[in-house]
Amino acid sequence: MPMSKRQKVEGSFRDPSGFIFIDKGVLYRQVNRIYADDYQRLMESGLYSTLIKAGLIIPHQEAERLPVEPGIAYKVIKPDPVPFISYPYEWTFGALKDAALCTLSIQRRALKKGMSLKDANAYNIQFYMGMPTLIDTLSFETYREGEPWVAYRQFCQHFLAPLSLMAFCDVRLNQLMRVYIDGIPLDLASKLLPLRSRWNFGIATHIHLHAIAQKRYSGSSVSNTRGSRSMDKNAFLGLIDSLEATVRKLNWTPSGTEWGDYYDKTNYTETAFAQKQRLVSNWLEKIRPSIVWDLGANMGVFSQLAAEAGAYTISFDIDPAAVEHHYRKLKSEKQKGIQPLILDLTNPSPAIGWHQRERQSLFERGPADLVMALAILHHLAISNNVPLPNLAELLADVGNWLILEFVPKNDSQVERLLRNRVDIFDTYTREMFELCFKEKFSIVESSQLDQSERWLYLMKKK
Amino acid sequence: MYIHLIDILFSGLADDLAYLDPGSGSILLQLIIAGLLGLGIVLRSQWSKIKRLFKRKEEDAIDIDADE
């Protein structure tokens, strides 16, 4: 994307405290004068160092850079870059839950230092070094005893509503976050949640009762009544405790995944699978990509190889159960270089929000240095009727290098896909595939897997 | 049942002035449950004091905020 020299980043315009801009490809945040006191308190109260020590906030340096809007500027800071920005509708249940607990943990620490989160937005959390991390340094305000939590509604909409819907109804309901940019409306969550959720104290209070309160008192002024009744610090801490207990109790167990035992079921002999791993590894070593997108990664066997070759790897799969398993595995192994995300490649994340510029589409967040599309082409070409030229076009858009596995028609996996439908795929042959892909790529290397009909390709975008 | 309960809880708290604040329900709910939540914290801290009387050292206690 061609970029002017200094460009304000869309999506950080709501908060008058400051904004993000990019200067010569480097990301900066302007802190406005209006936020000077709170920024100083964050840095001097010890809160920032506490959060850094716990790995809960993005580290930043104060930069010498000139501000973009000097008239209102206080400082310019340079946060550490996050290798890939992801959104809650791409996160697995476990990731969203960890992001929620991270937010509450930050709030608890902030209160100890006399500050409080003024927003509890899921988009402010990103996965950095394998951990959920607050990326908006300007999220804090001075805590005034007696005041309720201004971000309570947002926390419930961005975290509690999707998590409870995923736990109580269906894990795919995280997709509602894609529709509602400020989190799932609580009246909608309340309507969708089953009756038994009302026996859960936290859900009954923070979702059901909260939804009713919002509806009945949306036009009321509370300012006149605050004096008579306020929320002391114990009550505030009690609220955070209650939210945390509610989040902790929400669980989802991924059962039989769509591809759960995929690696065992596929048509490789052990030697062919080892050969496939060896080839992929060699090619990764040769290209040394810094960002890899693994499309159809399942539980990440090949993402692991990319990470071992030094690439920050985004490991996409359509199956929430596989992604959840992968997330848990990486978390237990404390791995930092792989991010597992949910993605339906036939309908990838769009750009959403104001002017469709607040949250980027998947492709705006690319291209990757290298894309892996292993044993996925036949699903797209045959199960989803995507013609080969369209596949080549998409893959050329998302990456500069491509490692691709071609699965021919006589492979039993493809035979299975064709078992209950008319075969309209006369052009699905290896020759045709090469012809179509050569329009967009040059084939650098290719190799047939031992005792298999499958071929592996290394291609470079033209 | 919920509707009646919330009316009783909220009685006298909200006066219907004509300015729209979409967060007012959220603020009112916090003020309502504040007493209950605060009580929980107080009881918990008392309970841990009592427990400490019977336990010399709580070596296994896991404090998720043990950062300082």
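## Reading domains, confidence and burial

Guide: Let's start with two centres: the C-alpha centres of domain 1 of chain A and domain 2 of chain A lie 24 Å apart. Domain bounds like these come from an automatic or database domain assignment. This is a predicted model, where local features need pLDDT of at least 70, side-chain atom pairs count only at pLDDT 80 or more, and totals for chains, interfaces and linings use all residues. Residues are numbered from 1 along each chain as its sequence is written, while chains are lettered from A and ligands numbered from 1 in the order in which they are written.

Visitor: How many residues does the contact take from domain 1 of chain A and from domain 2 of chain A?

Guide: Two residues are in contact if their C-beta atoms, placed from the backbone, lie within 7 Å. Here, domain 1 of chain A gives 21 residues and domain 2 of chain A gives 19 residues.

Visitor: And what pLDDT does chain B average?

Guide: pLDDT is the predictor's confidence in each residue, from 0 to 100. Chain B averages 67, and 49% of its residues score at least 70. Over residues 14-22 of chain B, pLDDT is below 50. Residues 61-68 of chain B stay under 50 too. The model scores ipTM 0.82 and pTM 0.91.

Visitor: Is His378(A) buried or exposed?

Guide: A residue is buried if 20 or more other C-beta atoms lie within 10 Å of its own, exposed if 12 or fewer, and partly exposed in between, with C-beta atoms placed from the backbone. His378(A) is buried because 21 other C-beta atoms lie within 10 Å. Leaving aside neighbours within four places in sequence, His378(A) is in contact with Val407(A), Gln413(A), Val414(A) and Leu417(A).
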